[in-house]
Amino acid sequence: MSFDGKIALVVGGTRGIGLEVSKKLIGAGATCYITGRNEVDGATAQRLLGHMCHFVKSDVTDQESIAELFRTIDSRHGRLDLAVNNAGVTTRRAPVVDLDMAEWKRVLEINLLGPLLLISHEIRLMAVHAGASIVNVSSCAGLLGVAAQSAYSTSKAALNMLTQVCALECAETMPGRHQIRVNAVCPGPTLGGMNSQERLRANPEATQHKIQVTAMKRFANPDEIADTILWLLSDSSSYVTGIVLPVDGGYSAGKF
Ligand SMILES: NC(=O)c1ccc[n+]([C@@H]2O[C@H](COP(=O)([O-])OP(=O)(O)OC[C@H]3O[C@@H](n4cnc5c(N)ncnc54)[C@H](OP(=O)(O)O)[C@@H]3O)[C@@H](O)[C@H]2O)c1
């Protein structure tokens, strides 16, 4: 799979799944912009990924920093071909009866309003060129409810619907505007990032539970999620838009 000459953006590309996607995109020839809030993580990722990687510090909840990110890409390249909206956060486990409204708003701002803002900028910069593709990184928690994770589950379910709406809005090539494909992946429990070794060791019961709820009885490796994202970014999926694709080892196939 070649992405030679393509300009890519991986929002939340400094760690975990986003870092893996960035690595593969650069390996396949793309110039890759990665973002995150933490400059140390950004610099570490940039060193690891080499000269085809550009780290831009930005926060998806900060409209001005997002506008600046797209001004930078526009002024350097005049276009964007591929975008992965991967930045996301989980939340402290708590039932709705113990509602923490500030925490709910924080999760929705990052996981839902963040991608909304990003997509609105991405569309403008991507529609100038044929073959553009956006992938939103959702979660299997947006397909089936997870108790005590109401904000996270709801934010990802809403992101799935946003993906479908944007896919419809961008599906046709019109005069002066190229089509953009918009899809989502829904990872199951994935190693690294939110499931770092320290977190898994600190919560052995939760770790066992996450393994048991998948049909395959294991975590995903981040590169298994990244491979699916790369397929959706590539021309190999040229007739695919508006899908919300579980990559979850059978988690959402049913209860067994
Ligand atoms: N790992 C899993 O098991 C799993 C399962 C299902 C779905 N997912 C989804 O997959 C995505 C990546 O998960 P991960 O486990 O790889 O996470 P991770 O290792 O924690 O990485 C998250 C990335 O997003 C960035 N980020 C977080 N908040 C941000 C903000 N406000 N503005 C800009 N960047 C921000 C982080 O950088 P900074 O912190 O420096 O900003 C980091 O680069 C998330 O959307 C998550 O919901 C993960």
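Which residues come nearest to the ligand, of the 27 around it? They are Gly12, Gly16, Gly36, Gly88 and Gly193, where near means a C-beta atom, placed from the backbone, within 6 Å. Two or more residues of that shell come from each of helix H1 (16-27) and strand S2 (31-36); helices (H or I, at least four residues) and strands (E, at least two) are DSSP runs, numbered from the N terminus. H1 gives the most, with 3 residues.

Before going on, the model. This is a predicted model, in which local features need pLDDT of at least 70 and side-chain atom pairs count only at pLDDT 80 or more, while totals for chains, interfaces and linings use all residues. Residues are numbered from 1 along each chain as its sequence is written.

Now the sheet. It is open, with 7 strands in the order S3-S2-S1-S4-S5-S6-S7 and parallel pairing; two strands pair if DSSP finds at least two bridges between them. S3 (53-57) and S7 (244-247) are the edge strands, each pairing on one side only. S6 (residues 180-187) and S7 are joined by 4 bridges. Val185 has Leu245 in S7 as its bridge partner. H1 packs on the sheet, and its direction makes about 165 degrees with that of S2; angles run from 0 to 180 degrees between N-to-C directions, and axes are lines fitted to C-alpha atoms, for helices over the stretch in contact. Contact means C-beta atoms, placed from the backbone, within 7 Å.

Helix H5 (residues 150-170) lies across S5, S6 and S7, at about 165 degrees to S6.

Key: Two residues are in contact if their C-beta atoms, placed from the backbone, lie within 7 Å.
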